[in-house]
Structure formats: C-alpha cells, structure tokens
Amino acid sequence: MPKMLPTIVRNLFGGPATRLYPVEVRKPFERTRGHIVFDDEKCTLCGGCARRCPAAAIEIDKEKKELIFYPGRCIICEVCAENCPRGAITVKEEWRKPFYEVPVEVHHPKGKKEKAS
Amino acid sequence: MSKVVRTVAPFGPQHPVLPEPIQLKITCEDEKVVDVVPAIGYCHRGIEKACELNDFPKNIYICERICGICSCIHGCSYCEVIERLFGVEIPPRAKYLRVIWSEMSRIHSHLLWLGLLADAFGLESMFMQFWRIREKILDAMELTTGQRVTQSVSIIGGVRRDIDSEQQKKCIDIVREVKKETEELGKVLMNDYTVKARTVGKGILTREQAITLGCAGPTLRGSDVAEDCRMQGYQAYGELGFEPIVEKDGDSYARAVVRLRETLQSCDLILEAFSKIPEGEISIKVKGNPPANEAVFRAEQPRGEVFYYAKGNGTRNLERLKVRTPTFANIPALLVMLPGCELADVPVIVLSIDPCISCTER
Ligand code: SF4
Ligand code: SF4
C-alpha cells in the first residue's frame, strides 16, 4: 500500500492522458506534413510536380492550361513542394478533415515563364 | 475407454488477437493442439511488382507502406539498397539520423506489441498504459520527421530533414521519460502472476529448432542465439557499441523479455547517437539511373531481419526488387511451438512471434 500511494495521488490529480477529440485538438507541430496548397500566381505549369508525384495525385492538362489535384490520392510526401522550381506549393500543418465525396481541385495557374536572359 | 476425437478449429483469419489476417487450421485432441496448418495470402498487394513498374525514386514511398509499424526501416532499407547499387556512401550525419529514426520505430513497435500482449491476457489497463507511453515516441517522430507513422524521411543519398539542437533536446527528454516509464511498467508486467502463468514454459522453441528453422529477430534471440543484423555495424551501429540481447529459455516469456529489454536498449542507443552525432551534410545528390547490377541489404527490424535485393538495368525502373520480411521466417517456428499446448494458449503463443502479415505477403 505505501508503495502504491504516490501512483494513486498522481493519478488522482494528474488529469486524463487522452484528449476529448474533436472538441479539443492538439496543435500540430511545426513542419508537420498536413496538406499541400497551390499558389496559382506562381505556378507556371511546368509539370515537374506531376512527374515526380509517387501517388499520381497531380495531373497537368497543357491544352486547357489546368493543374488538377486529387487530395484523396495525395500521401503528403512533400516531394512536389521540395522540387517545385517556383515555390508554388506549400505544405501546411493542419491535417485535412475527412471527406464524404472524392475531392478534385482544378487550378488555373497564371504564373509567367521568365525569359532566360 | 472412449476414443479421443480429433477436431479441426479454424483460428483466424479474423480473430481478436490478430490485427491482420492469417489462418491457422488447428487440429485438436480434446483441448490439446496436435497439428497446425497455416494459410496465408489474405492481404497480398503486389508491392514488389508495383516497384518494378514505378520510377525508382518513387518506390521509397511504396516500400514504406509494406508495413505500417516499421515503415521507417523499410524506407531506409530501400534507400540503402539503391545506394549500394549506385555504389555511393551517404554522409555520416545522415547515417546517425537514420539510426535515430529506426530506433524510434523499434521503440514504438515494441511498445505496441507489449500493449497487445497485455491485451491478449485481458490486462486492458496495462494495454492502455503502454500505448500512452508509445504516444510520446510518436510525438517525437512527428516533431522531427513531420509524420507520426509513415515518416518518409529517407531519400536516395541521405535523409530529408535534419534534427536541430532544439528538437534534439526535446527528443532526449522524451526518450528519457519513455525509458523510465517503460522500466516501471515493464517490471509490473513481467512480475505479474497471471502473465507468468500464461507465458512461462509455453510455446517453447529450443536453440537447435530456432537455428534449423531459420528464425529471425526476438524469436531467435529468445532462444539463446545471439544474432542481430545490427551487429554487422551498418549505418552508424558500428560506432554505437551495439550488443544483442539474448534470453535463454525460448518460451513466450523469454521473447517478451527480449522485446522489453530491447526497448530500453533502443532508448540508450538513441541517447548515445545524439551524443555522438557529427555535424555536416545530410544528403548527397545521386544522379542517373541505377546501373545494371545487383545489390543486397540486410537490416534489423523490430521483428527480425529484413532482406532487400535490387537489380537494376540502366533504366528508371528496377528489373527486380525482392523483399523478405521477418515474419515469413518466423511462421515455421510457430508450427513447432504450437503442438502440445492447450487451445486456450494459442493466441498468446501466436502473438509471441509478433506476426506482421501485411509485411509477409506484401
Ligand atoms: S506547381 Fe511548381 S512544379 Fe508543379 S507545375 Fe507548377 S511550377 Fe511546375
Ligand atoms: S505531396 Fe507527394 S503525393 Fe501529394 S501531391 Fe505532392 S508529390 Fe504527390
């Protein structure tokens, strides 16, 4: 019994080890890979991200000048963001909420290719 | 005298102690198990074939998904085998970082298993306590790599992220805490009367049997064989003074003790790696396609030895990638451990090899 006393006291005042999710949400760590966002102003539709994506989550339609992103396929590996020459992709810390329908994001990038001088 | 009737009881593919599907057809005489026939193939995903069809840098992310628990080591091993194919050496800091993350995976895997063991006896609160500790390690992983489970931190030529001094301090605190709590809780688990009654002398695998059947990992080391891939000194293990952990008895209890002691050892290895980690680059650029050559790599996973074989052909795709995972080596041992035991002991003995079926079938 005396050996158990500190444990009892600790558990009595320690509070629960769990969180009441989703009411109480832990703040994600800095640089957690949560989801990715595209910056249409910067992207030049070069296609580097689509080629490198291991999950085939990005498609480029050169004719329609569209970048199609399937968030449901994305495994948030950050490869696209690391390799984008324009820095048009950023990784945000918050995880995506669950979804009921397969989401498709269609982007119309407006970035201009700078002329090589 | 009445005749003893033989019955065949299917164990699995869906069973409360099995997180993954494997079926054991158990032949019993009364309550005694006399024969076991395993059936696998419920979750084959064709990963090796997928790896041949993909570009080689993308395979890292497929290989990480071979197993959800030791994903980090799978990723590192794939990168390592490709680096050997290219014949490049990664910077020393990257080697240390890989060791740190691999050992964190080991802690998280063993704590998960210890929780499941407690759960198999019905010690529900013990199960939750182990998983509470495990949560801290997952936090350390998220802090340093950006993800809790599938870290995706190795790349061909090194690692993607560095651990800065602030993160290092936090990790050291977490690891010390985990070690202290695991020690405390481990004492309670291993000295418990019920646990001993259910594991001591159950599922015995002798030293000779373990060697003949080619077992791996804690199953092998629980049977008094000092064999651990980390003894080769790959990555930075050679500089960390690694000694394998061995128990003599070869029963379920010995295997549990091996895992518990390895958890504590991994904590020490991380702390030592942090104290010795050199400064410098964390990755080098690897250009071109894998040459037409072959390479192999063996690494120690929480469950035992994983074997990677890669064959390149000068293109973006690999000619062949072969992975052999530890559970595949340990299933034959199960067929030796089970006959002779009571039907009620089957779940605990099956759990004692820490089966990971998704790995096995890929
Ligand atoms: S996001 Fe970046 S990599 Fe992808 S197409 Fe646009 S500019 Fe190229
Ligand atoms: S984060 Fe990875 S999976 Fe997601 S779009 Fe980028 S490259 Fe593809």
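Chain A exposes about 8800 Å² of surface, and carbon and sulfur atoms supply 57% of that area. The model is predicted. Of the 117 residues in chain A, 30% are buried. Its charged side chains number 22 positive and 16 negative. The centres of these two sets lie 5 Å apart.

The secondary structure of chain A comprises three helices and five strands. Read from the N terminus, the order is α-β-α-β-β-α-β-β. Chain A is more spread out than a compact globule, because its radius of gyration is 22 Å, well over the 13 Å that the globule rule gives for 117 residues. The C-alpha trace of chain A spans about 80 × 35 × 25 Å along its principal axes.

The size of an interface is often given as the accessible area lost when the parts come together. Here chain A and chain B bury about 1500 Å² between them. Carbon and sulfur atoms account for 42% of this buried area. In chain A, the residues that lose the most area to chain B are A:F29, A:R31 and A:R33. Together these three make up 36% of what the chain A side buries. The contact involves 18 residues from chain A and 17 residues from chain B.

Backbone geometry was considered next. Most residues other than glycine have a negative phi, and most peptide bonds are trans. In chain A, the peptide bond from A:Y21 to A:P22 is cis. Its omega is near 0 degrees. A:P22 sits in the loop between α1 (5-13) and β1 (35-38) of chain A. A:K65 is not a glycine, yet its phi is positive, at about 55 degrees. This lysine, A:K65, belongs to the loop between β2 (58-61) and β3 (66-69) of chain A. A:K65 counts as exposed because its relative accessibility is 54%, and the cut-off for exposed is over 50%.

Chain B has a positive phi at B:S152, again a residue other than glycine. The value for B:S152 is near 45 degrees. B:S152 is located in the loop between α5 (124-145) and β4 (154-155) of chain B. B:S152 has a relative accessible area of 2%, so it is buried. Thus A:K65 is exposed, whereas B:S152 is buried.

Two further residues of chain B were examined for their surroundings. B:P21 lies in the loop between β1 (6-11) and β2 (23-29) of chain B. Its relative accessible area is 17%, and B:P21 is therefore buried, the cut-off being under 20%. Leaving aside neighbours within four places in sequence, B:P21 is in contact with B:P13, B:Y42, B:C43, B:I357 and B:E361.

B:Q167 is part of helix α6 (residues 165-190) of chain B. With a relative accessibility of 17%, B:Q167 also counts as buried. Not counting residues up to four places away in sequence, B:Q167 touches B:L143, B:T144 and B:D162.

Definitions and conventions: Residues are numbered from 1 along each chain as its sequence is written. Chains are lettered from A and ligands numbered from 1 in the order in which they are written. This is a predicted model: local features need pLDDT of at least 70, side-chain atom pairs count only at pLDDT 80 or more; totals for chains, interfaces and linings use all residues. Side-chain values use heavy atoms; hydrogens and water are left out. Helices (H or I, at least four residues) and strands (E, at least two) are DSSP runs, numbered from the N terminus. The radius of gyration is taken over C-alpha atoms; the globule rule is 2.2 Å times the number of residues to the power 0.38. Buried means under 20% relative accessible area, exposed over 50%, partly exposed in between (1.4 Å probe, protein chains only). Accessible areas come from the Shrake-Rupley method with a 1.4 Å probe; for residues, only the protein chains shown count as cover. Lys and Arg count as positive and Asp and Glu as negative; His and the chain ends are not counted. The place of a charge is taken as NZ of Lys, CZ of Arg, CG of Asp or CD of Glu. Contact means heavy atoms within 4.5 Å. Buried area is the accessible area (1.4 Å probe) that two parts lose on being put together, summed over both.
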